[in-house]
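User: Hi! I have a structure open and would like to go through it with you. Can we start once it is on screen?

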Amino acid sequence: MSGRMWYGWSANDNIRETAASGGLVTGLLLSLLSSEMVDAVCALKRGDDLYDPRPVLVTSPEEIQECAGSMFCGSILTADWVLGAVEANPGIKIASVVKGCDAKVIYELIKRNKLDRDDLFLIGLNCSGTFSPVQTRTFIREVCGMNPDSVDSFLIRDGRVVVRSGDITKEYPLENIEERGFGRRDSCRRCDTPIPRQCDIVCGTWGLYGENSDRATFVEVCTDKGLDFLSQAEKNGHITLVPADQGGVKARSRVEAAMLTISEKNRKEMFAKTGSGMERLTWIMEETSRCIKCYQCSHACPLCICQYCQTKKPWLVKPGEVPPPLMFHLIRFSHIADSCVNCGQCEDRCAMDIPVSLMMHALQDELEKMFGYHPGRPEGMPILAKVNQHEEWEHHYENSYQKMIRLFSQKVADTEDIKEE
Amino acid sequence: MLNQIPTICPYCGTGCSVNLIVQDGKIIGTTPNIRSPVNEGKLCPKGTYCHQFVHSMDRLKKPLIRKGGVFIETDWETAYHLIAKKLKECNAGEVGVLASARCSNEDNYALMKFARGVLKTNNLDHCARLCHEATMTGLSLSFGNGAMTNSIPDIGKSDCIFCLGSNTFEQHPLIGRQIVRAQSSGGKFIYADPRYTPTAIQADLFLQFYSGSDVAVLNCIMGEIIRNGWENKEFISLRTREYDSLKKTVLQTKYTPGEVSFLTGVSEEDLLRAAEWIGTADKCTVLYAMGLSHLSGGISNVRAIANLMMLTGNIGRPGTGVNALRGQNNVQGACDMGCIPNFFPGYQPVTDSTFHRKIGRIWNFPDGIAPARTGLDINQMFRKAGMKHDNIKAMVLVGENPLVTEPDQNMVEHAVKNLEFLVVSDIFFTKTCEYAHVVLPAACYAEKDGTVTNTERRVQRLCKAVDPPGIAKPDWQIITELACLMGYSDQFPYKDPSDIFREITTVCEPYKGMTFEQVSLPDGICWPCPSPDHPGTAILYTDRFYHPDGKGVFCPVEWKIPAELPDSSYPFRLTSGRVIWHWHTGTMTRRSKNLNDEVQEAYIEVHPADAEKVRVADGDMIRVRSRKGQLSCKVRIVPDIKEGMIFMPSLFDAALSRLTGAPSAGPEVSEYRPICVAVEPLPGGD
């Protein structure tokens, strides 16, 4: 087998009926685990209800079926769990089902030597975005007039939100509900990676039509490893594959192009709101005046992984102050903005609804134009700024680290002496 | 392998849902629960680090008994037998029981049943007496029930939020977020406080007044609303009574903006603007907390707020209401469970003979239950424990640390020393434990199942994530085993918290329609929930108040000069409050590294002008004297506070309670603020 585009589904009839889109991903994960090609699988499973995704690390094939079905609410970063699992069990081989943001994070972590690409098998998903669980329930109650607890499925298809409950199906164009404040997360609306081709294979519904539309998955193979695994799974009798036809391939690229156009437009609009120069600084200061220093942005950020955080140095950020001094946010910007992949986790978790992700992404966009570093992508230059690493400091500023610390910890009047030294 | 367990944060009354990340039997971190309607996947610093104290080395792991003046570790059997023997020696009038607003509903219910059924006493109370007693009494008189009227997500829908006596962004940060939401959709935010707090930064209108002048401000606003005809006449005539008496009071000359401005230090314009915004808003809501109810005029303050909201017809609709923000994760639940001397669960008076008989029948104690007579409250218990004759001889404390939290530390210290027998159940060896005869190791929030009820009356599920340390047990289990040993195994057949919850639904009217399975779902259920198919009640009083005639009652209150006013020997007014990093006595938060790194010692905030007067500099040690006592502390000079006022965080072992005192008369709310103090530099303080 050599093609790059396929239609596929689970060879097991039971899985094909119960899982989403013919259960190809479920079948593939089963194949990976049962043939011991990986030690564990990181995926999401349904928690208390349709709106409650929970990350799980599965090691036995029996548990895989619990993860079947797609979830459009709540953006959980599986990359975090992959990193957690690898740190706890060095050398573990993991297969992970990832969205665009997960894939980009994983690549940033690989570049930082935290993960090893050879130990990972990445199954990408086409992703048009996710929704806030609580807002979605309000949307279903107030706009659709349905009981959120009796809804069977909530998903995006071809730019429309589709809500199904028993025999009733309601559809709403995405732009419409976005205008009413019930739309996708802001970061998703700016996303430039609807098809994460960094992965070994990418699966999804884009490019399906006719009898396939609910019963199959469109697979795009991106690496040789992906192709090997896929044919292995077919040989083991876990999945069935047929080559995709030209109509499907074209339809798929049309959807992708449409998604990218919308994101591009959203990016422009949202970045324009942040202003420039003093205007932007004032806006940042005003918004961050609500900060309660809960550190959720830092904990949520998959790239905020320094062992000794600069925001905890009393000479940079005085402890115990609410709202914290602007330096707190400046440190976060200077450490993350160059590599920000716009996963939006920081904004999701901000207790005071500060648009942190928009700030970071707007800065990243400008830095990318200036320095040409592409965060989250395998190609191109290595990471530019390894902030907070002693060697880097020495490289740029020679042997002045201690001097700098003394400068900041002394009163202004004393700084004259240091200059003279 | 990694696992995540959703449960409820153990700190303030907001009741945020948090996932504990568990690896190999240890909690290694938290994530916010995105599915919770309360916090929508967001947490404050305390919630973020709520796991850090759980595995502290100094958790109590085994029961301790005092032998020859020292504590020795023992097993449960020995401890139970000793407690049973000692408690049996006392008659019903000689024992007192304190429940805890930090324990689950099941813990509190079991303890309440133990006090009333096994010990036959109504001497049962908990620390809500010290904070929100005024809310319960005041709102019950006005509306017929003492709970917060609306739900947390509802606050974000308001057009005008009036917040006083609460530094919401620090004390209930995830309720503070609702203020942000309201503002982002065009709502206005009015904030009244003596300090320029993080909440004040976000205010559209900030009224910086002297603490203790709340009633004057509220009456003035009401007067202006009536003078301008902004009152809701239809609401007043259809749904309330006694309006004329209110009108007479608030229209007095002494409540005109001119007079009140002089009295409170708020400009006339600002008072007028506040009245206009509140009077003309379609949906206005009030948020208040202990700054209003935590002092001896608390009941008046609460009634004045109720008056304002009835006057403008802001009750019973989304985005309106009187929202009392409760300070502890289960203070609402502890009151619901009847851990108060005058009420059975569901606020049925113990003196009501019909209900008394009903409870007696349900519980079926062979030798009856406590008589239909109101018991002693927490202040009376300690006062009586300190007496020479006819005193309280034994006390059972579950999760309470009165030596630090009671306003008059000297009185409590004398009382507990005078006790013949004191049992304390806690998760750490607190200051109160030092005076105990038996100390029992309890499981903390992460180590037990059960339910808790947050400030908006939402009953939510606590889930066990890890095992308790050593042989520690959940409180409901300790109480159940003790009751069984004392011969009441038929009345305490509980094997699991769900057994207790089932019994709660038969006894406690507002919980009647709930099941343990339903409250375990992410949305929980707000009481009242009268039948199994009922979705719960997010907004109270949509069509009638809970008084028999369905009407709300106006009660005019007059502003009284605070019990203490500054004079030449005590020139400063002291106010207190929380900081975002710590919670109450700090037993849990000070053992959490990230929180302790932010603030690790007590301090006093002084205005720069005042600091100059008393000749102190930032970081100096100072001595603060009140009429009741004195303490020394580090000073922080901040311009955020009103001149003439000083502020101290109400935490850190027994600092503040040295300055405050018990109420002067009757079973009233305790006076924590405002009190007057003198400040002087401490010689030789480094």
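User: Where is B:Pro528 placed?
Analyst: B:Pro528 is in the loop between strand 21 (525-526) and strand 22 (552-553) of chain B. Helices and strands here are DSSP runs, numbered from the N terminus: a helix is H or I with at least four residues, a strand is E with at least two. A cis peptide bond joins B:Trp527 to B:Pro528, with omega about 0 degrees.

User: Before we go on, what should I know about the model and the numbering?
Analyst: This is a predicted model, where local features need pLDDT of at least 70, side-chain atom pairs count only at pLDDT 80 or more, and totals for chains, interfaces and linings use all residues. Residues are numbered from 1 along each chain as its sequence is written, while chains are lettered from A and ligands numbered from 1 in the order in which they are written.

User: Thanks! Which residues does a cis peptide bond join in chain A?
Analyst: That bond joins A:Val322 and A:Pro323, and omega is about -10 degrees. You will find A:Pro323 in the loop between helix 11 and helix 12 (326-336) of chain A.

User: What about B:Glu40, what is its phi?
Analyst: Phi of B:Glu40 is near 45 degrees, which is positive although the residue is not glycine. B:Glu40 sits in the loop between strand 3 (26-32) and helix 1 (45-48) of chain B.

User: Is B:Glu40 buried or exposed?
Analyst: B:Glu40 counts as buried, because there are 23 C-beta neighbours inside 10 Å. The rule is that a residue is buried if 20 or more other C-beta atoms lie within 10 Å of its own, exposed if 12 or fewer, and partly exposed in between, with C-beta atoms placed from the backbone.

User: And B:Asp390, buried or exposed?
Analyst: B:Asp390 is exposed, with 8 other C-beta atoms within 10 Å. B:Asp390 has a positive phi too, about 55 degrees, and is not a glycine. Look for B:Asp390 in the loop between helix 19 (378-385) and strand 16 (394-398) of chain B.

User: New topic: in what order do the strands of the open sheet in chain B come?
Analyst: The order is 10-9-8-12-13, five strands with parallel pairing. Two strands pair if DSSP finds at least two bridges between them. Strand 10 (205-207) and strand 13 (321-324) of chain B are the edge strands, each pairing on one side only.

User: How many bridges join strand 8 to strand 12 of chain B?
Analyst: Five bridges join strand 8 (160-164) to strand 12 (284-288) of chain B. One to find on screen: B:Cys160 has B:Cys284 in strand 12 as its bridge partner.

User: Nice. Which residues of helix 12 of chain B are buried?
Analyst: In helix 12 (243-250) of chain B, they are B:Tyr243, B:Leu246, B:Thr249 and B:Val250. Seen down the helix axis, these buried residues fall within an arc of 130 degrees, so they line one face of helix 12 of chain B. That arc is the one made by the directions from the helix axis to the C-beta atoms.

User: What is exposed on the other side of helix 12 of chain B?
Analyst: There, B:Asp244, B:Ser245 and B:Lys248 are exposed.

User: Back to chain A. How many bridges join strand 6 to strand 7 of chain A?
Analyst: Strand 6 (153-157) and strand 7 (160-165) of chain A run antiparallel and are joined by five bridges. A:Phe154 has A:Val163 in strand 7 as its bridge partner. This hairpin has two residues between the strands, and A:Asp158 takes a positive phi near 50 degrees.

User: And what comes with strand 8 of chain A?
Analyst: Six bridges join strand 7 to strand 8 (168-173) of chain A, again antiparallel. These two strands form a hairpin with two residues between them, and A:Gly166 in the turn has a positive phi of about 60 degrees.

User: Last one: how many residues of chain A are in contact with chain B?
Analyst: 33 residues of chain A are in contact with 31 residues of chain B. Being in contact takes C-beta atoms, placed from the backbone, within 7 Å. Helix 3 of chain A gives the most to the side of chain A that touches chain B, with four residues.

Notes
Contact = placed C-beta atoms within 7 Å.
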